Amino acid sequence: MLRTNETTPSLCSFRTAAEFEGTAGAGVLGAVRHGDRAGPVRWEHGRPVLPLHMVRPGVPEVVEVWEATGPVTTGEHRGLHYAHDGEVLFGAVDLGPSAGCGGAARAAYLAAFDLVDRLGYPHLFRMWNVIEGITAPDADGAEVYTGFCVGRARAFDESPRPMPAATGIGALGGGAGFYFLAHRSRRAVHLENPLQVPAHEYPERYGPRSPSFARATWLEPEPGRDRGVLYVSGTASILDDATVCPGDVVRQCQVTLANIAALIGPENLARHGLPGGWALSDLRRVKVYVKRPGDVPVVTRLCREEFSRRAEVAVFAVDVCRPDLLVEVEGIAP
Ligand SMILES: C=C(O[C@@H]1C=C(C(=O)O)C=C[C@H]1O)C(=O)O
């Protein structure tokens, strides 16, 4: 992991397990432990913490910490653990076994929507879906991810709202779960990528219900700041709707980075009525997912060539949502 001391309004930082434990919850809204074992969402120092199985034994844990800017209120709601500070709401849930998790995904998404509505955090801006065996068949022979997408899409049908930036990624164990962030007052604008078909319009050959997410979400600046924050979804080597360069991890990584560059650049922001724009070197808090552990060194090298030395980059060797995708990248700008 590359580290930086810079603080940005994204409210996210990556910490080691020791750094996180040393905070004793101070300044923390919620956290996600990318460690060597999964578990149900739990309270640590009074904050919701989701333990994900994302690294093999001996590989250091990366704790993604969402920072609080005011007094924190916590609670549980229909299986979700949550915390909010008057500006941002963090929620997390585990769905149990990932095979056949569509029904659980639908129920938990509806619970999350109900929570943000009740507490008054209407601007959902980022979701992460973490699914063990994401490309494996479930009991019906359909892909686990397909079943998840059906349940999630039903929740959006039943409680319609804009789809935010998201990630849908594999895990080494622990079934399925998700976590999300919503804002009380700052407007969220959801972006699509000119090089890609919107995921929610993928043709049916990828599954009966397409994935419910936007390619990025821009959160408007706080008063007194001139730039918002852009949350970039998990992005892979897909042009239009098709996987490109199957089998070639170097080319897939290059296509992925070019997709992100097109998504976050000034032209695409202007297309969505937004000012400014970013380059790959502006990304911070980057997560890189690599399907084959042996590809980690080459992917890490290619990413470091493009990202700033000030970017925190965490690399996980886990499965990606299509069998032919070898790499996926997400991040936050600036
Ligand atoms: C890589 C893609 O999709 C992945 C799956 C997502 C989901 O289902 O929430 C979101 C982004 C990616 O992690 C893609 O379709 O381009």
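This is a predicted model: local features need pLDDT of at least 70, side-chain atom pairs count only at pLDDT 80 or more; totals for chains, interfaces and linings use all residues.
Local features need pLDDT of at least 70, side-chain atom pairs count only at pLDDT 80 or more, and totals for chains, interfaces and linings use all residues. Residues are numbered from 1 along each chain as its sequence is written, and side-chain values use heavy atoms, with hydrogens and water left out. Helices (H or I, at least four residues) and strands (E, at least two) are DSSP runs, numbered from the N terminus.

**Ligand site**

- The ligand sits in the largest pocket. A pocket is an open set of points on a 1 Å grid over the protein atoms alone, where a 1.4 Å probe fits, with protein on both sides within 12 Å along at least five of seven lines. A molecule sits in a pocket if more than half of its atoms lie within 2 Å of its grid points.
- There are 15 residues around the ligand. A residue counts as near if one of its heavy atoms lies within 4 Å of the molecule. Tyr145, Arg152, Gly168, Tyr202 and Glu328 come nearest.
- Helix H3 (144–158), strand E10 (165–171) and strand E14 (229–236) each supply at least two residues of the shell. E10 gives the largest share, three residues.
- An oxygen atom of the ligand is 2.7 Å from an N or O atom in the side chain of arginine 152. For arginine 215, the side-chain N or O atom is 2.9 Å from a ligand oxygen. Glycine 168 takes part through a polar backbone atom, 2.9 Å from an oxygen of the ligand.
- Taken alone, the ligand exposes 390 Å², and the protein buries 100% of that. Such areas come from the Shrake-Rupley method with a 1.4 Å probe.

**Glycine 168**

- Glycine 168 is placed in strand E10.
- Its relative accessible area is 13%, so glycine 168 is buried. Buried means under 20% relative accessible area, exposed over 50%, and partly exposed in between (1.4 Å probe, protein chains only).
- Leucine 191 is 23 residues from glycine 168 in sequence, and their C-alpha atoms are 17 Å apart in space.

**Helix H4**

- H4 (residues 249–264) has 16 residues and reaches 23 Å from its first C-alpha to its last. That is close to the 22 Å expected at 1.5 Å a residue. The expected span is 1.5 Å times one less than the number of residues.
- Aspartate 248 caps the N-terminal end of H4, with a side-chain oxygen 3.2 Å from the backbone nitrogen of valine 250.
- The buried residues of H4 include Val249, Gln252, Cys253 and Ile264.

**Aspartate 114 in helix H2**

- Aspartate 114 belongs to helix H2 (residues 102–119). At 18% relative accessible area, aspartate 114 is buried.
- The aspartate 114 side chain makes polar contacts with the side chains of arginine 78, at 3.1 Å, and arginine 118, at 2.8 Å.
- A polar contact is a pair of N or O atoms within 3.5 Å; within protein, one must be able to donate a hydrogen and the other to accept it, and residues adjacent in sequence count only if both atoms are side-chain atoms.

- Most residues other than glycine have a negative phi, and most peptide bonds are trans.
- Histidine 45 has a positive phi, near 50°. This histidine lies in the loop between strand E3 (42–44) and strand E4 (47–53).
- Arginine 285 also has a positive phi, about 50°. Arginine 285 lies in strand E17 (residues 284–290) and counts as buried at 4% relative accessibility.
- Alanine 333 and proline 334 are joined by a cis peptide bond, with omega about 0°. Proline 334 is in the segment after strand E19 (327–333).

Methods:
On a 1 Å grid over the protein atoms alone, a cavity is a set of points where a 1.4 Å probe fits but cannot get out, and a pocket is an open set with protein on both sides within 12 Å along at least five of seven lines; lining residues have an atom within 4 Å of a point.
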